[in-house]
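Good morning, colleagues. I should like to take a few minutes to go through one model, and I ask you to keep the sequence and the structure in view as I speak.

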Amino acid sequence: MGSDTMNKELIYVIGQMATEKGIDKEILFEALESALLSASKKTMGVADNTRMELDRHTGVLKVFARKKVVESVADPKLEIALDEARKLNAEAELEDEIEIGLPTQEFGRIAAQTAKQVILQRVRDAERDAVYSDFIDKQGKIIRGTVHRIEKRNVIVDLGKAEAVITEREQIPGERYNPNDRVRAFVQEVKKTAKGPQILLSRADAGFLVRLFEAEIPEIAEGIVQVKAAAREPGERAKVAVMSTKRDVDPIGACVGLRGTRIQVISRELRSEKIDIVEWAPDPATFVARALSPSKVSSVTLVPPDESGEPRAVLVIVPDNQLSLAIGKRGQNARLAAKLTGLHVDIKSEGEVEEERRLVEEELAHGREALAEFPGLGSQLIERLVEHGLFSPARIVHAGLEALEAVPGLGEKKAAGILAAAEEWIEQHPPVEAEPEIEEVSGEALPAADDAAAGQAPPESMARTSAE
């Protein structure tokens, strides 16, 4: 095949590929130039000072080498003598760099071998980029596809232009998939990999539930009702917080639909997942009370955040007969409420709070009696210790010397004396039964009776029913 014929064919192939695949011709030309140079370096030992240029109209390959003008040539590949340089450029001077055209017969053979391979590779890359661009826009949305095959419990879904995967973790528990099943899923992530874009789908993500609400409920699609938060335990139960932007529109009613028709469609898509819809509130206490639906709540108290940067906690007091409903089966209701609100939700019954208060009052009474026995401890100093939560020997020992020294009026010597007296008292009065945990009561002044009933208690005591 003559070089002219090859050149024309090359131009034709590049033009055809560019049109078919929607790739810029210039990208193919540049890729081919780069590959030709790389191949030439491997097969012909071409130096780094060489560049190649494919004529965009004729397909003719031109090869140039940049050489330094020197008096005495040590490396012919990189250097040229001054007299030789002046034959090419009369103005050439020593130390100048000039470009010299090289014969292209050998390069033509390499070009023939490389061209097809490079163009096909570039086309594959461009197709992968096009698929990635196509699907990155669909990230965070619902997509439809067909189940292609099942691989190690992962579901491979055919999306037409690409394949996607629903890993076992992102499937709704108990759901079964068969080849050729039509499936709807949430595009969780689109990643670039060496083998092309990787599309990860999910039917377990809370985002899937939110997008289903947008698809099935016209008021949400129109922006009249907004989904503010969603939390799921896939296939079992979910909670969705909604709010209305118009006073005369009931957000919960809009989502439920006439006789529950709208919510039933969504529930069926999620394998009969039970969905609680609650009205969102900007006030965290109100929002938590609603999130714990269907249980009734007596009071909600926000616990001040500590310095650890942990999410804020709330203490919820419920009537005794509502405790199991508020916590839910295996703690599910409390867990979902915590996910929905983004808070640690600690739940106690009114009876538990009353019992804790009784125990604290009992400890306070016994503690005062014990402190009164300490040598050199007057009533005024006892009151100061009580104000700082150090109202019993056990609490004093637990708090330690540093906490005692922080009490106004107590110097280092006095604090050490009180700590020693507390330790001696505990040795002489071993507890008959376990004392209540020190952490269960705030280190501040004791809450008044009505405050305790309103739920002014610390989060630590709620470890049993805490929803992470």
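What you see is a predicted model, in which residues are numbered from 1 along each chain as its sequence is written. Local features need pLDDT of at least 70 and side-chain atom pairs count only at pLDDT 80 or more, while totals for chains, interfaces and linings use all residues; side-chain values use heavy atoms, with hydrogens and water left out.

Let me take confidence. The term pLDDT is the predictor's confidence in each residue, from 0 to 100. The chain has a mean pLDDT of 79, and 83% of its residues reach 70 or more. Over residues 434-468, however, pLDDT stays under 50, and there the model has 70 contacts beyond four places in sequence. A contact here means heavy atoms within 4.5 Å. Where pLDDT is low, the predicted coordinates should not be read in detail.

Now the sheets. Helices (H or I, at least four residues) and strands (E, at least two) are DSSP runs, numbered from the N terminus. Two strands are taken to pair if DSSP finds at least two bridges between them.

The sheet I take up now is open, with 3 strands in the order E10-E11-E12 and mixed pairing. Which strands stand at its edges? They are E10 (225-233) and E12 (274-279); each has a single partner strand, so one side of each is left without a neighbour in the sheet. Direction ignored, neighbouring strands of this sheet are turned by 20 degrees against each other on average.

Strand E10 pairs with E11 (residues 237-244) in the antiparallel sense, over 8 bridges. Val227 has Val242 in E11 as its bridge partner, and Ala229 stands opposite Ala241 in E11. The hairpin of E10 and E11 has 3 residues between the strands, and in it Gly235 takes a positive phi near 80 degrees.

Which helices pack on this sheet? Helix H5 touches E10, E11 and E12, and its direction makes about 145 degrees with that of E10. Helix H9 (residues 284-291) touches E11 and E12, at about 150 degrees to the direction of E12. For these angles, axes are lines fitted to C-alpha atoms, for helices over the stretch in contact, and values run from 0 to 180 degrees between N-to-C directions.

Another open sheet has 3 strands in the order E13-E14-E15, again with mixed pairing. Its edge strands are E13 (299-303) and E15 (344-349), each of which pairs on one side only. Strand E14 (residues 313-318) runs parallel to E15, and 6 bridges join them. Within that pair, Leu315 has Asp346 of E15 as its bridge partner. Helix H12 (residues 350-372) packs on the sheet, where it touches E14 and E15, and its direction makes about 80 degrees with that of E15.

I come to the helix pairs. Two packed helices are described by the angle between their axes and the distance between the axes.

Helix H5 (residues 206-216) and helix H8 (residues 261-269) have axes that come within 10 Å and cross at roughly 140 degrees. The two are therefore oblique to each other; angles under 35 degrees count as roughly parallel, over 145 as roughly antiparallel, 65 to 115 as roughly perpendicular and the rest as oblique. Phe208, Leu209, Leu212, Phe213 and Glu216 in H5 meet Arg262, Ile263, Val265, Ile266 and Glu269 in H8. By class, the residues of this contact are 7 nonpolar, no polar and 3 charged. Here Ala, Val, Leu, Ile, Met, Phe, Trp, Tyr, Cys and Pro count as nonpolar, Asp, Glu, Lys and Arg as charged, and the others, Gly among them, as polar.

Phe287, Val288 and Ala291 of H9 make the contact with Ala337, Leu340 and Thr341 of H11. That contact has 5 nonpolar, 1 polar and no charged residues.

Finally, H14 (residues 393-405) and H15 (residues 412-428) pack at an angle of about 165 degrees, with their axes 9 Å apart. That makes H14 roughly antiparallel to H15. Residues of this contact include Leu401 and Leu404 of H14, and Leu419 and Trp425 of H15. They divide overall into 13 nonpolar, no polar and 3 charged.
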